[in-house]
Amino acid sequence: MKIGITGGIGSGKSYVCKLLAARGIVVYDCDAAAKRLMHGSETLRSRLTALIGPDTYVDGRLNKAVVTQFLLASERNAKAVDAIVHPAVFRDFEESGLLWMESAIMFESGADRLVDRVVVVTAPEEVRIGRIMQRDGISREKALDWIHKQWSQDEVRRRADYEIVNDGQTPLEPQIEQLIKNLE
């Protein structure tokens, strides 16, 4: 059985994945894979350069400023980049042989089609804001902006099969233990 783990920014899904790793469960990180593939895949490099322009890579390295500017210019641009990167990440996951996948945009990207069950990690908005501000050294307004660019936590919760509450008060280990038992 393949399992997807998702949750909005600041929910703590990466932390939950670290707890799973401590139990010997290796979780494929879609974000890290996208970065790796955008840097290392010649096919992705050429397709992104054809889409964005010759300044997409400088001295063989992804020019984040140029890519970010292109992404933010329009929804159409973002969808065009996603249409190149997401299928490559999906193929890489399938070839990895791993059974667990972490994706912040599980449903938005269509990654949920690659897994049998989806687990959402949730946290109250104020907790998420605090985590983002502390982690990234940004303002409350910027943290809220990032949260509101993603699907609502309620919508993701509604689509998911399981929920892990990471509010800083509810113990995570018993929830993870129960999740693993439910998945057996």
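Colleague: Why is the contact between lysine 35 and aspartate 31 called a salt bridge?

Modeller: In this predicted model, the closest N and O atoms of lysine 35 and aspartate 31 are 3.3 Å apart. The cut-off is within 4 Å, between a side-chain nitrogen of Lys or Arg and a carboxyl oxygen of Asp or Glu, so the pair qualifies.

Colleague: Where do lysine 35 and aspartate 31 lie?

Modeller: Both belong to helix α2 (residues 30–40), four residues apart, about one turn of the helix.

Colleague: What makes lysine 35 partly exposed?

Modeller: Its relative accessible area is 49%. Buried means under 20% and exposed over 50%, so lysine 35 falls in between. Aspartate 31, at 48%, is partly exposed by the same test.

Colleague: How do you know that aspartate 154 counts as exposed?

Modeller: Aspartate 154 has 54% relative accessibility, and exposed means over 50%, therefore the label applies.

Colleague: Which glutamate meets arginine 157 in a salt bridge?

Modeller: Glutamate 163, with an N to O distance of 3.0 Å. Arginine 157 is partly exposed at 31% relative accessibility, and glutamate 163 is partly exposed at 34%. Elsewhere, salt bridges that share partners join Arg23, Glu173 and Glu177 into one network.

Colleague: How many salt bridges does a search of the whole structure find?

Modeller: Twelve.

How values were computed. Residues are numbered from 1 along each chain as its sequence is written. This is a predicted model: local features need pLDDT of at least 70, side-chain atom pairs count only at pLDDT 80 or more; totals for chains, interfaces and linings use all residues. Side-chain values use heavy atoms; hydrogens and water are left out. Helices (H or I, at least four residues) and strands (E, at least two) are DSSP runs, numbered from the N terminus. Buried means under 20% relative accessible area, exposed over 50%, partly exposed in between (1.4 Å probe, protein chains only).
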